[in-house]
Amino acid sequence: MNSTQRVRGPVTRRRGWHILEAPEDPGVEKANRRRRATEPRRRAWHILEAPTGEQPAPDATTELGPALPDEATVNFVLDLVLRVGEVQMASGAGASDVTATILSLTAAFGLPHCEVDVIFTSITVTCHRGTDANPITALRVVRSRSLDYTRLSQTEMLVQQILRGHLSAEEAYTELHKITTAPHPYPRWFATLAWGGMAFFITLLLSGTLDVAVGALIISALIDRLGRLLNRVALPFFFQQAVGGLVATGLATVAVNTDLVPARFSTLVAAAAITVLLSGLSTVSAVQDAITGYNVTAAGRTMETVLMSAGLITGVALALNIAKALGFTPAEPVLPAQTADSLLVIVPAGAAAAACFAVASYSTLRSMLVAAAAGAIGAGVYGALVIVGRFDVITSSAVAAVVIGFSGGVLARRLKVTPLVVAVSGITPLLPGLSTYRGLYELATQSNGNLSTLIKAAAIGLALAAGVVLGEYLAQPVRTGLGRLERKLAGPRMAGPLRTTERRLE
């Protein structure tokens with residue numbers, strides 16, 4: 001019985017297979033065998049390469065590529081996205097953020113294949129329209145830069161509305177024009193008061209007294225108003241920084257020689273004013289561009305930062321040399337001793353200084369509160385590591401910046417705040433104003449002075465910028481709602497959308 005089953009099994013399977021086929025014709029099978037015998041033998045690689053003569057030739061009249069709107073509509077959309085990118089670049093956003101924003105907007109408006117080239121002073125977008133139509137290229141030059149975080153935040157909200165499909169291209173263009181032409185949310189004198197308040201709280205952060213903090217407030221406010229006047233006559237920013245450093249150091253020297261403030265605290269006046277002057281530099285964006293591979297933009301931002309710092313150094317050194325020539329006693333850079341109890345002042349002072357910077361940069365109330373929280377966290381971590389943990393200032397600055405970047409990356413978008421605002425505001429109280437002044441003092445007053453202190457100040461600034469970028473990068477796996485666009489782009493994202501949508505132009 002078992003042998004019968006073993007014999008019938010294959011027969012049954014063969015009959016079942018041929019149920020789906022036509023009956024075999026013996027004559028046709030013999031003809032096929034003769035034809036295969038006369039054909040040349042084909043190898044395995046011949047099967048992968050189809051003969052050229054058997055491939056269908058494309059029709060010469062067939063258009064290849066996506067079907068796009070008319071040329072006028074494409075030009076309109078490119079102009080819109082370039083203006084959005086200009087607002088971001090002028091506000092200090094990184095080149096990767098600008099590129100991602102433009103690509104998201106072009107995809108949302110029905111332009112599926114665009115190339116974006118962002119450098120320090122211009123943005124270029126090219127839309128490819130297939131094989132029969134010429135590509136359309138548009139360029140926009142970024143001529144001015146200003147810290148207006150309200151304008152940046154409103155542009156971010158506009159981008160989100162476009163990506164959700166709530167606005168057409170014409171409506172978005174109208175809204176963007178309103179944003180870019182609207183006045184600052186605060187009067188200019190209020191921003192000047194905020195710069196002075198920032199110097200006030202930085203002085204307290206460095207363990208200064210209230211009278212010294214008031215002196216720093218007055219000097220920083222005076223420098224801001226003087227810079228405003230110099231800006232009206234179009235004086236280059238290098239010379240504006242030099243004038244600011246000259247005034248800050250000169251007035252601190254006058255305060256020492258007239259006994260307006262205690263001599264051991266007089267250096268904090270100059271350090272606070274120098275920190276205010278350093279706060280407007282685009283160090284974070286330069287490091288972000290270098291890390292994400294936009295080397296041309298990173299080189300441009302770095303050159304600008306170096307030039308502005310050189311102007312500040314020139315002004316401080318000139319003031320010290322003038323004081324030495326006149327026989328005045330310069331403000332010697334001495335940092336008052338700090339203990340664990342100083343953290344009770346450092347944390348709120350750091351929060352207030354970051355909030356003042358956000359207000360001086362025309363941030364919204366929500367952004368100011370988040371920036372204050374970031375400043376408190378950064379100042380607390382930095383103070384704990386330096387005072388309690390006895391770490392060096394470079395390591396402490398880097399760790400504090402990582403914490404600020406991570407906290408801002410996780411919480412900022414949930415609170416509808418641009419992470420760039422939180423990052424820059426959070427590290428502002430930690431900028432190396434005192435180290436910069438100390439290095440210049442050593443060079444100007446000591447015959448054997450070296451550049452080690454200035455190099456240390458530059459290392460602190462670099463550690464702060466790199467730490468913020470690293471913290472934002474570490475926050476990406478934690479933050480929910482990451483889109484496909486962010487995963488494709490290398491590096492952290494501090495501005496612009498996280499996810500992209502596609503829809504056709506109306």
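The entries that follow take the sheet and then the rings.

I noted that this is a predicted model, in which local features need pLDDT of at least 70 and side-chain atom pairs count only at pLDDT 80 or more, while totals for chains, interfaces and linings use all residues. Residues are numbered from 1 along each chain as its sequence is written, and side-chain values use heavy atoms, with hydrogens and water left out.

Sheet. I looked up the strands (DSSP runs of E, at least two residues, with helices as runs of H or I, at least four, numbered from the N terminus) and found 3 in an open antiparallel sheet, ordered β1-β2-β3; two strands pair if DSSP finds at least two bridges between them. The edges are β1 (114-118) and β3 (136-141), each pairing on one side only. I then checked β2 (residues 122-127), which 6 bridges join to β3, with Ile123 standing opposite Arg140.

Rings. I found 7 aromatic pairs, where ring centres of Phe, Tyr or Trp (its six-membered ring) lie within 6.5 Å, and planes under 30 degrees apart count as stacked, over 60 as edge-to-face and the rest as tilted. One of them is Tyr186 with Tyr362, stacked at 6.4 Å centre to centre and 20 degrees between the planes, although the two residues are 176 apart in the chain. Tyr362 is buried because its relative accessible area is 6%, under the 20% cut-off, where exposed means over 50% and partly exposed in between (1.4 Å probe, protein chains only). Tyr186, at 23%, counts as partly exposed.
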